[in-house]
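Here are some notes to keep beside you as you look through this structure. Take them in any order you like.

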Amino acid sequence: MIDIQNKASCTGCYACVGICPKQCISMQPDEEGFWYPSVDKGICVDCGLCEKVCSVAHPFPIRQPLATYAARSKQAKYLSLGSSGGIFQPLAERVIADGGVVFGARFNEHWEVIHEKAEVPEELPAFSGSKYVQSRTGDTYREAEGFLKAGRKVLFSGTPCQIAGLYGYLRKPYENLYTVDFICHGVPSPKVWQIYLNEISKRLQQKYPDSRLHLSEVSFRNKSSGWNDSSLSVHYTGKKQGSIACSEKKSRNVYFRGFLGNLYLRPSCHSCPYKAGKSNSDITLGDFWGIGKVCPSFDDDKGTSVVMLNSPRGVSLWKTVESESKEVTLKDIITGNGAYTHSSPYPPERRLFFQDLHQSADSLSNLIRKYTRRNYIPTLRSIAGRVLRKITR
């Protein structure tokens with residue numbers, strides 16, 4: 001029987017929920033908004049399957065990638081869709097063109113982030129672009145297994161812990177499975193994200209009291225002002241005002257400030273067991289920070305991806321994508337992406353932040369500013385620099 005004694009030991013991947021033959025495990029949100037398994041002990045037969053599929057209890061070893069690249073799509077439509085070099089979309093389209101199914105994270109009607117499947121190319125753009133909120137995989141592991149057993153190709157994309165969770169759930173290899181994860185800083189609280197959206201909506205409604213505003217679009221990494229300092233953009237529509245856009249560069253945005261300051265990441269993110277390739281994914285993607293020093297010709301502020309090929313299947317899928325690419329070293333990547341090898345530090349202010357979030361009448365924005373004033377980590381690159389200095393000593 002799964003029994004979470006330490007929240008840092010649960011990534012919320014849903015593998016235990018999906019595998020339970022009695023369906024007696026459900027995911028319930030805690031006071032911080034993160035989801036954890038809850039067992040109905042009256043139904044549980046103590047078969048132990050939930051413990052057997054837990055990827056935290058049965059981790060994969062560290063792996064060295066077979067090849068590493070700086071890359072970006074040759075097609076402008078893919079480059080604009082993606083948060084970095086637009087590589088995910090053509091990978092996904094290739095699988096669908098072969099009769100396969102793609103699983104990824106998208107927003108639902110409440111602007112929560114959930115995992116779903118796509119079987120036609122028109123459904124794929126919803127999966128593109130970064131989403132700095134923990135998604136719920138729900139029943140997608142079971143769905144993916146069904147397609148795999150039917151002989152269809154499956155591409156499953158997600159955080160490293162979600163990919164490891166999928167492998168734990170499946171418990172056997174499938175030659176028709178392709179997995180894509182990304183270099184992960186950590187996943188923020190869904191509850192904090194909803195509070196942030198509510199505060200924006202409230203401010204706009206006060207500004208336009210005669211208009212019923214409807215949230216119509218969210219982009220965490222809008223590149224209209226460039227890739228290096230992209231913007232968090234939230235769009236509303238109203239009958240009188242038409243389209244209203246709230247856009248703020250991430251270097252000045254308060255939600256990003258709390259995210260990069262590690263203030264509301266899931267507890268397991270501070271001791272992530274899937275760093276350095278331990279998710280077992282076929283391909284790892286990410287932003288290639290510092291590309292100007294490695295490949296100056298790519299440094300045009302349109303976005304460049306890290307592409308790490310971790311398995312022969314990943315190599316074969318990558319060969320189907322048309323891209324501008326340059327082979328680089330793992331050290332080149334880690335220079336700007338310390339999150340590949342190191343977990344985000346646990347901030348001492350985290351407990352007080354959530355305590356005030358529950359009890360204080362102060363706004364979320366003010367609380368984020370208050371609790372990141374001294375220990376704010378402005379960019380991922382500051383972490384990477386410290387990691388590189390340790391490596392090169």
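Predicted model: local features only at pLDDT ≥ 70, side-chain atom pairs only at ≥ 80, totals over all residues.

1. Residues are numbered from 1 along each chain as its sequence is written, and side-chain values use heavy atoms, with hydrogens and water left out.

2. Let us begin with helix α5, which spans residues 140–149. Helices here are DSSP runs of H or I with at least four residues, strands are runs of E with at least two, and both are numbered from the N terminus. Thr140, Tyr141, Ala144, Glu145, Phe147 and Leu148 of α5 are buried. Because these residues cover an arc of only 165° around the axis, they lie on the same side of α5; the arc is that of the directions from the helix axis to the C-beta atoms. Buried means under 20% relative accessible area, exposed over 50%, and partly exposed in between, with a 1.4 Å probe and protein chains only.

3. What covers that buried side? Among the elements over the buried residues of α5 are the helices α1 (15–19) and α6 (160–170), along with β4 (101–107), β5 (113–118), β6 (154–157) and β7 (177–182). Just after α5, Gly151 has a positive phi of about 90°.

4. Aromatic rings deserve a look too, as the whole structure holds 22 aromatic pairs. Rings of Phe, Tyr and Trp (its six-membered ring) pair if their centres lie within 6.5 Å; planes under 30 degrees apart are stacked, over 60 edge-to-face, and the rest tilted. Phe107 and Trp111 make a tilted pair, 5.2 Å centre to centre with 55° between the planes. Phe107 is buried at 14% relative accessible area, and Trp111 is buried at 16%. Tyr255 and Tyr264 are also tilted, with ring centres 5.6 Å apart and planes at 35°; both residues are buried.

5. Now find Tyr36. The charged end of Lys7 sits over its ring, 5.2 Å from the centre, and the charged end of Arg266 sits over the ring of Tyr36 at 4.3 Å. For this, NZ of Lys or CZ of Arg must be within 6 Å of the ring centre and within 35 degrees of the ring normal.

6. Is Ile62 buried or exposed? Ile62 is exposed, with 57% relative accessible area, in the loop between α2 (49–52) and β3 (67–73). Leaving aside residues up to four places away in sequence, Ile62 touches Ala276 and Lys278, where contact means heavy atoms within 4.5 Å.
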